[in-house]
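Look over the sequence and structure first, then read the points by topic.

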Amino acid sequence: MYQDCLSCDLRFEREQGYFVGAIYINYAVTAVIAIAGYFGLDHFIGLSLAPQLILWGSFAVWFPLVFFRYSRSLWLSLDYIFNPEGPGV
Ligand SMILES: [Zn+2]
């Protein structure tokens with residue numbers, strides 16, 4: 001990952017541990033999709049517990065890996081919306 005944006009020079013990692021918030025976003029999106037998916041499949045299809053656990057368990061493993069860079073991007077955009085000047089500027 002670049003340290004700064006190539007076009008606008010926005011600094012990406014402003015301090016150590018900056019992207020911990022992205023982990024929260026990643027976890028929250030994963031949990032919301034898995035829980036909603038579980039209850040959705042249970043309600044509309046009536047899928048039993050064992051296949052649901054296999055499905056959403058494996059989803060909870062691979063989805064955060066795929067969504068990792070998007071959660072960083074979301075975290076950056078949230079920080080840029082609420083604090084565009086950055087810390088101490
Ligand atoms: Zn930029």
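Asp 79 is buried, at 17% relative accessibility. The model shown here is predicted. Asp 79 pairs with Arg 14 in a salt bridge.

**Salt bridge**
- The structure holds one salt bridge.
- Its partners are the side chains of Asp 79 and Arg 14, with an N to O distance of 2.9 Å.
- Asp 79 sits in helix α2, residues 49–82, while Arg 14 belongs to the segment before α1, so the pair ties together parts that are 65 residues apart in sequence.
- Arg 14 also counts as buried, with 14% relative accessibility. The cut-off for buried is under 20%.
- In general, side chains of opposite charge can pair when their charged atoms come close.

**Zinc site**
- Two cysteines supply the protein donors of the zinc ion: Cys 5 and Cys 8, each through SG.
- These donors lie 2.1 to 2.2 Å from the zinc ion.
- Cys 5 is buried, at 18% relative accessible area.
- Cys 8, in contrast, is exposed, at 53% relative accessibility. The cut-off for exposed is over 50%.

**Nonpolar cores**
- Cys 5 also belongs to the largest nonpolar core, which has seven residues.
- Another core, of six residues, lies apart from the largest one. Its members include Ile 25, Ala 34, Trp 56 and Phe 59.
- Leu 10 is in contact with Gln 3, Asp 4, Cys 5 and Tyr 80, leaving aside neighbours within four places in sequence.

**Helix α1**
- Helix α1 covers residues 20–44, and Thr 30 is found in it.
- Thr 30 is buried, with a relative accessibility of 6%.
- Beyond its neighbours within four places in sequence, Thr 30 is in contact with Phe 59, Ala 60, Phe 63 and Pro 64.
- Val 20 is also placed in helix α1. Val 20 is partly exposed, at 38% relative accessibility.

Notes
Residues are numbered from 1 along each chain as its sequence is written. This is a predicted model: local features need pLDDT of at least 70, side-chain atom pairs count only at pLDDT 80 or more; totals for chains, interfaces and linings use all residues. Side-chain values use heavy atoms; hydrogens and water are left out. Donors are N, O and S atoms within 2.8 Å of the metal (3.2 Å for Na, K and Ca); water is not among the atoms, so sites may look incomplete. Buried means under 20% relative accessible area, exposed over 50%, partly exposed in between (1.4 Å probe, protein chains only). A nonpolar core is a set of buried Ala, Val, Leu, Ile, Met, Phe, Trp, Tyr and Cys residues joined through side-chain atoms within 4.5 Å. Contact means heavy atoms within 4.5 Å. Helices (H or I, at least four residues) and strands (E, at least two) are DSSP runs, numbered from the N terminus. A salt bridge is a side-chain nitrogen of Lys or Arg within 4 Å of a carboxyl oxygen of Asp or Glu.
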